[in-house]
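Please consult the sequence and the model alongside the text.

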Amino acid sequence: MTLKTYHGACLCGAVAFEADIDLSLGTGKCNCTSCLKRRWWSVSVKPEAFRAIKGEALLEPTAAGRSFCPHCGITPYGRVAAAEWNDGESVSINVVCLDDATVEELVAAPVQYMDGLHDNWWEAPEEVRHL
Ligand SMILES: [Zn+2]
């Protein structure tokens, strides 16, 4: 277990954040149409482990509840409200927006796949290589 403080941003840098993350605890990829088209690769942290540095007010809400920078179109993170299906509020972070995550760290991060396309979020789809 390696908790590390990462610094992240959207592509243009208008939205920036930092978060304390242990990538070895796992990341997520989903095959629903929203995640697929955005090639969303997420890591989830508790709000206490996340600090918005700048630009949070710029993030435009979308139908899927995620948000993107209006200048570059990238979704650096999205805040997730507490719901029946989760264990409270969290922040879902775009793994590839972590500017100081090394290639080695990204490759080593376990990926949990979700079959969101079939509303079967707790199981992996049969095919995941395209995600
Ligand atoms: Zn941007």
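On a 1 Å grid over the protein atoms alone, a cavity is a set of points where a 1.4 Å probe fits but cannot get out, and a pocket is an open set with protein on both sides within 12 Å along at least five of seven lines; lining residues have an atom within 4 Å of a point. The model is predicted, so local features need pLDDT of at least 70 and side-chain atom pairs count only at pLDDT 80 or more, while totals for chains, interfaces and linings use all residues. Residues are numbered from 1 along each chain as its sequence is written, and side-chain values use heavy atoms, with hydrogens and water left out.

**Overall architecture**

- The protein chain contains two helices and ten strands; helices (H or I, at least four residues) and strands (E, at least two) are DSSP runs, numbered from the N terminus.
- Read from the N terminus, the order of elements is β-β-β-α-β-β-β-β-β-β-α-β.
- The radius of gyration of the protein chain is 14 Å, which agrees with the value near 14 Å for a compact globule of 131 residues. This radius is taken over C-alpha atoms, and the globule rule is 2.2 Å times the number of residues to the power 0.38.
- The C-alpha trace of the protein chain spans about 40 × 35 × 30 Å along its principal axes.
- Of the 131 residues, 40% count as buried; buried means under 20% relative accessible area, exposed over 50%, and partly exposed in between (1.4 Å probe, protein chains only).
- The accessible surface of the protein chain is about 7700 Å², and 56% of this area belongs to carbon and sulfur atoms. Accessible areas come from the Shrake-Rupley method with a 1.4 Å probe; for residues, only the protein chains shown count as cover.
- Among contacts between residues at least 6 apart in sequence, 59% join residues at least 24 apart; contact means heavy atoms within 4.5 Å.

**The cavity**

- Rolling a probe the size of a water molecule over the atoms shows where empty space is left.
- The structure holds one cavity of 30 Å³ or more, and the largest cavity has a volume of about 50 Å³. Grid points are joined across faces, edges and corners, and a volume is the space filled by probe spheres set on the points.
- The largest cavity is lined by Lys-29, Cys-30, Cys-35, Leu-36, Arg-39, Trp-40, His-130 and Leu-131.
- At least two lining residues come from each of β3 (27-30) and α1.
- By class, this lining comprises five nonpolar, one polar and two charged residues. Ala, Val, Leu, Ile, Met, Phe, Trp, Tyr, Cys and Pro count as nonpolar, Asp, Glu, Lys and Arg as charged, and the others, Gly among them, as polar.

**The second largest pocket**

- The second largest pocket has a volume of about 190 Å³.
- Twelve residues line the second largest pocket, and Asp-20, Asp-22, Leu-25, Ser-44 and Val-45 lie nearest its centre. The elements giving two or more residues to this lining are β2 (16-21) and β4 (41-45).
- β4 provides the largest share of the lining, three residues.
- The lining of the second largest pocket has seven nonpolar, two polar and three charged residues.

**Buried strand residues**

- Ala-19 lies in strand β2 and counts as buried at 0% relative accessibility.
- Beyond neighbours within four places in sequence, Ala-19 is in contact with Lys-4, Thr-5, Tyr-6, Ala-49, Phe-50 and Ile-93.
- Phe-50 belongs to strand β5 (residues 50-54) and is buried, at 5% relative accessibility.
- Leaving out neighbours within four places in sequence, the contacts of Phe-50 are Phe-17, Glu-18, Ala-19, Val-45, Tyr-77, Arg-79, Val-91 and Ile-93.

**Exposed residues**

- Arg-39 is found in the loop between α1 (33-38) and β4; its phi is near 50°, a positive value in a residue other than glycine. Arg-39 is exposed, with a relative accessible area of 55%.
- Asp-119, in the segment after β10 (111-114), is not a glycine but has a positive phi of about 50°. Asp-119 is exposed, at 62% relative accessible area.
- Trp-122 is likewise found in the segment after β10 and is exposed, with a relative accessible area of 61%.
- Trp-122 and Ser-34 are 88 residues apart in sequence and 17 Å apart in space, C-alpha to C-alpha.
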